[in-house]
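I open the notebook on a two-chain model. The entries below follow what I looked up, in the order I looked.

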Amino acid sequence: MPRKSHPKQEIEDALRYAESHGWRVDVGGSHAWGKIYCPYNDKECRCGEFCIASIWSTPKNAGNHAKQIKRVVDNCSTRKKPDNEE
Amino acid sequence: MQEYEFTLKFNFPDPSHTPESYLDNLALAGCDDALIGIGQQGRIALNFNREAESALSALYSAIEQIKSVIPDAQLIEATPDFVGLSDIAEVVGYSRQNIRKLMLNNQASFPPPIHEGSSALWHLATVLDWLKEGKGYAIDDSLRDLAKATMQLNLAKESFKLDPVINAKFNAVLS
């Protein structure tokens with residue numbers, strides 16, 4: 001069965017973006033609509049605290065919340081790029 | 001009103017605290033403009049997009065709200081403040097090579113790092129000031145305000161570790 005959709009379209013789009021990058025979306029909670037889980041939740045992961053992020057059902061601003069979700073997913077996938085720090 | 005994007009990381013002195021248990025109260029306290037990371041035991045991180053009159057009041061109100069829910073939470077770091085070359089490049093939207101070149105070509109005036117080692121670290125505020133005032137780069141004023149405020153916050157947090165006697169001695173010799 002497909003998971004429940006988020007009531008805000010922009011956030012639902014961001015969740016699908018996360019899923020397309022391998023993140024798992026779990027629904028459940030009260031103020032928190034659900035959670036997203038990084039696919040690389042291990043020692044080398046750079047997401048740190050954001051390896052598991054809580055998604056609000058009614059955030060103050062849905063557009064911003066969607067941006068925040070995408071940012072976490074993008075920051076995570078930077079570990080996939082070669083490290084070019086000297 | 002201006003929107004500020006920043007992240008605050010906290011830890012709990014009692015690591016058995018599950019960050020998840022605070023979510024509902026954080027929403028009620030007004031942190032529903034943040035994405036909250038709960039992926040590490042004994043820690044919580046909040047990525048805000050907060051509207052406020054100033055960067056200072058955005059940071060202040062966020063900490064006030066978090067402390068009202070988790071009184072013993074200890075601030076680990078406020079970002080954006082400590083940055084390496086890649087972070088600087090990302091923030092201002094140039095390539096890392098570009099920023100590196102800029103640094104090498106302006107060794108006398110480029111802000112000295114606060115740490116130099118296998119990698120170097122700066123306070124973002126000092127680099128943004130230099131880029132804008134020294135080089136005429138277009139730097140968003142609200143970002144500069146934010147970087148100044150997060151620097152003050154991170155310094156304030158560290159100052160709790162100061163030993164008053166030693167600090168007075170060092171102040172006398174440093175100033």
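Predicted model: local features only at pLDDT ≥ 70, side-chain atom pairs only at ≥ 80, totals over all residues.

**Entry 1: strand S3 of chain A.** I found S3(A) mostly covered, with 5 of its 5 residues buried. I then checked which way the residues point: Ile52(A), Ser54(A) and Trp56(A) go one way, Ala53(A) and Ile55(A) the other way, and all are buried.

Next I looked up the partners of S3(A). On one count, 5 bridges join S2(A), residues 32-37, to S3(A), and the two run antiparallel. In that pairing Lys35(A) stands opposite Ser54(A). On another count, 2 bridges join S3(A), residues 52-56, to S2(B), also antiparallel. There Ser54(A) stands opposite Ile36(B), and Ala53(A) stands opposite Gly37(B).

**Entry 2: the sheet.** I asked in what order the strands of the sheet follow one another. I read the order as S1(A)-S2(A)-S3(A)-S2(B)-S3(B)-S1(B)-S4(B), which is an open sheet of 7 strands with antiparallel pairing. S1(A), residues 24-27, and S4(B) stand at the edges with a single partner strand each, so one side of each is left without a neighbour in the sheet. I noted that neighbouring strands of this sheet are turned by 25 degrees against each other on average, direction ignored.

I also looked for what lies across the chain B part. H6(B) lies across S1(B), residues 2-11, and S4(B), and runs at about 155 degrees to S4(B).

**Entry 3: the contact between the chains.** I counted 21 residues of chain B in contact with 24 residues of chain A. The elements of chain B that give two or more residues to this side are H1 (23-29), S2 (34-37) and S3 (43-52). The largest share, 5 residues, comes from S3(B). By class I recorded 7 nonpolar, 8 polar and 6 charged residues on the side of chain B that touches chain A.

**Entry 4: Ile36(B) and the core.** I went back to Ile36(B) and listed what it touches, leaving out residues up to four places away in sequence. The list is Ala53(A) and Ser54(A) from chain A, and Leu23(B), Leu26(B), Ile44(B) and Leu46(B) from chain B. I then looked up the largest nonpolar core, which has 60 residues. Those with the most contacts inside this core are Ala53(A), Ile55(A), Ile69(A), Ile36(B), Leu46(B), Leu59(B) and Ile66(B). I set beside this the general remark that in soluble globular proteins nonpolar side chains tend to be buried together.

**Entry 5: Leu28(B).** Is Leu28(B) buried or partly exposed? I located Leu28(B) in helix H1 of chain B. With 13 other C-beta atoms within 10 Å, Leu28(B) is partly exposed, because a residue needs 20 or more of them to be buried.

**Entry 6: helix H5 of chain B.** I looked up the buried residues of H5(B), residues 124-134, and found Leu124(B), Ala125(B), Val127(B), Leu128(B) and Leu131(B). Seen down the axis of H5(B), the buried residues fall within an arc of 165 degrees, so they line one face of the helix. Their cover includes S5(B), H3(B) (85-92), S6(B) (122-123) and H6(B) (141-159).

**Entry 7: backbone geometry.** I recorded that most residues other than glycine have a negative phi, and most peptide bonds are trans. Just after H5(B), Gly136(B) takes a positive phi of about 70 degrees. A cis peptide bond joins Thr79(B) and Pro80(B), with omega about 5 degrees. I placed Pro80(B) in the loop between S4(B), residues 74-79, and S5(B), residues 82-83.

**Entry 8: chain B as a whole.** I counted 7 helices and 6 strands in chain B. From the N terminus on, I read the elements as β-α-β-β-α-β-β-α-α-β-α-α-α. The C-alpha atoms of chain B fill a box of roughly 50 × 40 × 30 Å along the principal axes. Of its 175 residues, 31% count as buried. Among contacts in chain B between residues at least 6 apart in sequence, I found that 64% join residues at least 24 apart.

Methods. Residues numbered from 1 in each chain as written. Chains lettered and ligands numbered in written order. Contact = placed C-beta atoms within 7 Å. Helix = DSSP H or I, 4+ residues; strand = E, 2+ residues; numbered from the N terminus. Nonpolar A, V, L, I, M, F, W, Y, C, P; charged D, E, K, R; others polar. Pairing = 2+ DSSP bridges. Buried ≥ 20, exposed ≤ 12 C-beta atoms within 10 Å, placed from the backbone. Arc of directions from axis to C-beta. Core = buried A, V, L, I, M, F, W, Y, C linked by C-beta atoms within 7 Å. Axes fitted to C-alpha atoms, helices over the stretch in contact; angles between N-to-C directions.
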